[in-house]
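Have the structure open as you read.

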Amino acid sequence: MSVKVEVIEGGVPHNKIMIAGLVSTLVCIYLTYLNAFTNTEMFSFFGGLAVVSALIWGSHTIKVLCSYGIGTGVPSAGMIAFGSGTIAMLLATKYGMMAPIVALVLAAIIGYILGYVSNNILNMKIPAMVQALTEMAVVGALTVMGFAAMISGGFTFTGLTTSTASFLGLPITSYANSFLGGGLIAVAFLLGAIAIQHPFNACLGPGWKQDRMLMLTAECGFLSMIVAAVMSFALISAGSALISLIIAIIGWAYTYSQYFELSKRDAAAWLDSKPIPDTEGH
Amino acid sequence: MNPTAMAVGVVLLIIILGACWYVSPTLGLTALIGIIIGGVLIGFGTHFVPVGGAPAAMGQAPGIATGVAMLAAGAGLAGLFGGAWAAEQGMVVAVVTGGIGGGLMMAITCMMVNFVYVYGMGIPAASGKVLHDPITGDSQAEYKSQGTEGHGLPFVSFVGGVIGGILGGAGGTLIYLELLGLYEATFPKMMGATAAQVMPVAVAIAGMFAVALFLVNAVLTAYNITGTIEGPHDPKFKRWPRAIVASAVASALCGFVAILIVAM
C-alpha cells in the first residue's frame with residue numbers, strides 16, 4: 001500500500017527546514033509581543049512573517065508525507081493540518097504569553113495521536129505518517145496564531161474576542177468586532193490551508209525541485225498575508241495595517257519574480273514567443 | 001484490521017471520557033458524547049459517498065471526480081450551515097435540517113455529475129464492482145468499457161451519495177449544537193459579559209470547532225478508503241468498523257480540547 005513514488009535526492013534536509021521553520025516562527029510570533037511593551041500595533045506584521053516561515057516548513061512536510069502514495073490527494077493533508085491545528089490554537093490562546101508554546105505542545109500531542117490512529121487503526125502503515133501529522137498540526141496551529149497576531153495585534157484569548165470601540169466619547173467593549181467574534185478566523189483558516197497544500201500540489205512530479213517549491217510556498221504565504229493585512233484594517237490602527245500591507249506586497253512581488261525565474265530555469269526549453277504579428281495586406 | 005491498535009483506540013477513548021468527566025462531569029461530558037456521536041456519523045457517512053478521484057475525471061472509474069476530503073467537506077459544511085440556521089428551533093429540527101442540507105447538496109452534485117458524464121463526455125453509467133445494481137437490478141457489465149473499472153454514476157452510487165450527505169450534515173450539525181449549547185451556558189460567566197454580548201464569540205468558536213472536527217474526521221476516513229470508492233456496494237465499504245473507532249478517538253480528543261476552553 002505504501003510505496004514511495006518519488007525518490008528525489010539533494011537539497012536542504014528536512015530536519016534542517018523543520019528546526020529553522022519552528023524557531024523562526026516562534027521568534028516572529030513572540031516579536032508581535034513588542035506591541036504590548038511599546039503600546040503600539042506597529043509590530044503586527046511579524047505575525048505575517050511567522051505565517052510565511054511556518055508555511056515553508058509545512059509545505060516541505062507535506063512533500064515528505066505525500067511522496068508516499070497516500071491516495072487521497074495532497075489537499076487533504078492541508079485540511080487535516082489546519083483542522084487539528086486550529087483546535088489546539090484556540091485552547092492555547094487562553095494561556096496569555098505562553099500561548100505559542102502551549103499551542104506547539106498541544107498541537108504536537110493531537111497530531112501524534114491522529115498519526116497513530118491513521119497509521120495503526122486505519123492501517124496506513126506509512127513510515128513518515130506520525131511525524132508528518134505531528135509537524136503539520138503544529139504548523140497549522142502556529143499559522144493560525146500568526147494570522148491572529150497579525151490581524152488583531154495580539155494572540156491572547158481576551159485580545160482575540162474583544163475590541164474597544166469609542167461610542168459618543170465613551171469606551172465600550174465590543175465582542176462582535178474581533179478576530180474570533182467577527183469570524184475572521186474562518187478566513188485565516190482557509191488562507192493558510194490553501195497556501196500550505198498548493199505548492200507541492202503544483203510542483204510535484206519528476207521535475208520537482210526543492211527551491212522552486214519553497215519559493216512558491218513563500219509566494220503563497222505573502223499572497224495570504226496581503227489579504228490578512230487588508231482584513232487587519234478593521235481591528236488595528238490604519239498605520240500599522242499599512243506597514244503590514246506594504247511588507248506583504250514587497251515580499252509577494254519579490255518571491256513571485258523569483259519563482260518565475262526558477263520556473264524558467266527548470267523548464268525544458270524557455271522560448272519567449274511573441275504573438276503572431278499582424279502583417280499588412282492579407 | 002489491527003486488533004491491538006483497535007484496543008488501544010478504545011482504551012484511549014475511555015481515558016478521554018474519564019478525563020472529561022473529571023474536569024466537567026455534567027455539561028462537558030454530555031457535550032463530548034454528542035460530539036463523538038457526530039464525529040462517528042461523519043466518519044461512517046463518508047464511506048457512502050461515491051469518490052472517483054482523478055480516474056473518474058478521465059471516465060475510467062465510477063464516482064464523482066474529486067477527493068474524499070473535498071466531497072465530504074462540501075456536503076458536510078453545506079449541511080452544517082443549513083443546520084446552524086435552524087439552531088434556535090431545537091436539537092431535532094436543527095439536526096434534521098442539517099441532514100437534509102447535506103443530502104440535498106450531494107443529490108445536486110450527483111445529478112450534475114451524471115449530466116456532465118452522459119451529455120458532456122458521452123459515457124453511460126456502469127459500475128465495475130458489481131454485475132447488477134443492488135437497488136434497481138439493472139445489468140452493468142454490458143455498459144462497462146473494456147480496460148476501465150466502470151464509469152459514470154450508477155443509481156446505487158447516487159443513493160449512497162445522498163445517504164452520505166445526510167449522515168455527514170447531521171453529524172456536523174450535532175457537533176456544532178453541542179458546542180454552541182456549552183459555550184452559551186459558560187461564556188457569560190467566564191468573560192464577564194451578558195449572554196447577548198458573547199453570542200458572536202460563542203457562534204464563531206463553536207462553528208470553527210465544528211468545521212475543524214469535520215475536516216479531521218473526513219480526512220481520517222479518506223485515509224481509510226485510500227483513494228476511490230463506488231458507494232455502499234464497494235468491497236472497500238466493509239472497512240467501516242475501523243473508521244468508526246478512528247473517528248470516535250479523534251472526535252473525543254478534539255472535542256475534549258474544545259471543552260477544556262471553558263472547563264479550565
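## A loop in chain A

Let's start with A:Lys125, which sits in the loop between helix 5 and helix 6 of chain A. Bear in mind that this is a predicted model. A:Lys125 isn't a glycine, yet its phi is positive, at about 50°. How exposed is A:Lys125? With 13 other C-beta atoms within 10 Å, A:Lys125 is partly exposed, because a residue needs 20 or more to be buried and 12 or fewer to be exposed.

The loop between helix 5 (99–121) and helix 6 (129–152) of chain A also holds A:Asn123. Here, too, phi is positive in a residue that is not a glycine: about 60° for A:Asn123. A:Asn123 has 17 other C-beta atoms within 10 Å, so it is partly exposed.

## Where the chains meet

Now for the contact between the chains. Chain A puts in 35 residues and chain B puts in 41. On the chain B side, the elements giving two or more residues are helix 1 (3–23), helix 4 (68–85), helix 7 (195–225) and helix 8 (240–263). Which of these gives the most? That's helix 7 of chain B, with 16 residues.

What sort of residues are on this side of chain B? They split into 33 nonpolar, 7 polar and 1 charged.

## Helix 4 against helix 4

## A helix pair inside chain B

Within chain B, helix 2 (residues 27–46) and helix 6 (residues 155–191) have axes that come within 7 Å and cross at roughly 165°. At that angle, helix 2 of chain B is roughly antiparallel to helix 6 of chain B. The crossing of helix 2 and helix 6 of chain B is left-handed. Their contact is made up of 14 nonpolar, 10 polar and 1 charged residues.

Helix 1 of chain B holds B:Leu12, which counts as partly exposed, with 19 C-beta neighbours inside 10 Å; the cut-off for buried is 20 or more. In sequence, B:Leu12 and B:Ala248 are 236 residues apart, but C-alpha to C-alpha they are 9.9 Å apart in space.

## The nonpolar core

The largest nonpolar core has 192 residues. Which of its residues touch the most other members? They are A:Ala88, A:Ala103, A:Ile110, A:Ala141, A:Met145 and B:Leu179. Helix 7 of chain B gives the most to this core, with 22 residues.

Leaving out residues up to four places away in sequence, A:Ile110 touches A:Ser84, A:Ile87, A:Ala88 and A:Ala137 in chain A, along with B:Leu253, B:Cys254 and B:Val257 in chain B.

Key: Residues are numbered from 1 along each chain as its sequence is written. Chains are lettered from A and ligands numbered from 1 in the order in which they are written. This is a predicted model: local features need pLDDT of at least 70, side-chain atom pairs count only at pLDDT 80 or more; totals for chains, interfaces and linings use all residues. Two residues are in contact if their C-beta atoms, placed from the backbone, lie within 7 Å. Helices (H or I, at least four residues) and strands (E, at least two) are DSSP runs, numbered from the N terminus. Ala, Val, Leu, Ile, Met, Phe, Trp, Tyr, Cys and Pro count as nonpolar, Asp, Glu, Lys and Arg as charged, and the others, Gly among them, as polar. Axes are lines fitted to C-alpha atoms, for helices over the stretch in contact, and angles run from 0 to 180 degrees between N-to-C directions. Angles under 35 degrees count as roughly parallel, over 145 as roughly antiparallel, 65 to 115 as roughly perpendicular and the rest as oblique. A crossing is left-handed if the near helix is turned anticlockwise from the far one by less than a right angle, and right-handed if clockwise. A nonpolar core is a set of buried Ala, Val, Leu, Ile, Met, Phe, Trp, Tyr and Cys residues joined through C-beta atoms within 7 Å.
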